[in-house]
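Trainee: I am new to this structure. Can you show me how to read its features?
Mentor: Gladly. Let us look at it together.

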Amino acid sequence: MHEDANDDGRRAAAEVSPDGTDQEFLSLEREMTVLMRRARASQGEMAREVHPDLESAAYGLLIRLDEQGRQRATDLAAYIGVGKATMSRQLRALEELGLVAREPDPGDGRAWLVNLTDEGRRRVGRVREARRARYVHQLAHWDPHEVAELARLLHKLNGVIEK
């Protein structure tokens with residue numbers, strides 16, 4: 001519940017729309033919609049920068065492998081939120097492009113681990129560095145503390161959404 005400046009528990013009239021909806025949550029929904037739309041478009045562009053034949057959805061797999069190292073396909077599927085069949089298809093495509101390779105899991109002879117190839121790591125690194133440079137350019141007028149705060153809040157939001 002939101003409280004007004006007097007802290008008496010009443011909602012300030014400016015915070016609630018005529019239908020009773022909290023304006024800050026309407027604003028959040030609007031801004032998240034814009035952010036997600038732009039993120040999807042950006043992900044497609046970055047995927048094509050890694051490889052012209054790379055599916056947009058597979059870019060997230062490459063980032064996960066770049067950040068976390070080799071992983072089981074089942075763990076990747078759970079992280080991305082797709083089924084085993086979808087993950088197998090995406091990994092097969094990434095293997096065919098020479099971006100990932102599978103290797104036996106030393107801890108479980110029945111399982112396989114997926115890892116970036118040297119070429120995959122090089123391509124992903126190049127694209128991530130270019131993206132970071134774009135952020136630096138686009139947010140050059142921001143105070144570094146604001147950038148850090150935005151990153152902190154997005155991390156917090158991602159943690160809530162994951163649950």
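Trainee: Which residue forms a salt bridge with Arg 70, and how far apart are the closest N and O atoms?
Mentor: First, a caution: this is a predicted model. Now the general idea. Side chains of opposite charge can pair when their charged atoms come close. Here, Arg 70 pairs with Glu 103, and their closest N and O atoms are 2.4 Å apart.

Trainee: Where in the chain do Arg 70 and Glu 103 lie?
Mentor: Arg 70 sits in the loop between helix 2 (59-68) and strand 1 (71-72). Glu 103 belongs to strand 2 (residues 100-105).

Trainee: How exposed are Arg 70 and Glu 103?
Mentor: Arg 70 is partly exposed, at 41% relative accessible area. Glu 103 is partly exposed too, at 26%.

Trainee: How many salt bridges does the structure hold?
Mentor: It holds 13 salt bridges. One of them joins Arg 123 to Glu 119, with the closest N and O atoms 2.6 Å apart.

Trainee: How are Arg 123 and Glu 119 placed in helix 5?
Mentor: They are four residues apart in helix 5 (residues 118-138), so about one helical turn separates them. Glu 119 is partly exposed, with a relative accessible area of 31%.

Trainee: What is the N to O distance between Glu 149 and Arg 152?
Mentor: Their side chains meet in a salt bridge at 2.8 Å. Both residues lie in helix 6 (residues 144-162), three residues apart, about one turn of the helix. Glu 149 is partly exposed at 34% relative accessibility. Arg 152 is partly exposed at 43%.

Trainee: Now the helices. At what angle do the axes of helix 3 and helix 4 cross?
Mentor: General idea again. Two packed helices are described by the angle between their axes and the distance between the axes. The axes of helix 3 (residues 73-80) and helix 4 (residues 84-96) cross at roughly 110° and come within 9 Å. These helices are therefore roughly perpendicular to each other.

Trainee: Which residues make the contact?
Mentor: Helix 3 brings Ala 73, Thr 74, Leu 76, Ala 77 and Ile 80. Helix 4 brings Lys 84, Met 87 and Leu 91. By type, the contact residues are six nonpolar, one polar and one charged.

Key. Residues numbered from 1 in each chain as written. Predicted model: local features only at pLDDT ≥ 70, side-chain atom pairs only at ≥ 80, totals over all residues. Heavy atoms only, no water. Salt bridge = Lys/Arg side-chain N within 4 Å of Asp/Glu carboxyl O. Helix = DSSP H or I, 4+ residues; strand = E, 2+ residues; numbered from the N terminus. Buried < 20%, exposed > 50% of the residue type's maximum accessible area, 1.4 Å probe, protein only. Axes fitted to C-alpha atoms, helices over the stretch in contact; angles between N-to-C directions. Parallel < 35°, antiparallel > 145°, perpendicular 65-115°, else oblique. Contact = heavy atoms within 4.5 Å. Nonpolar A, V, L, I, M, F, W, Y, C, P; charged D, E, K, R; others polar.
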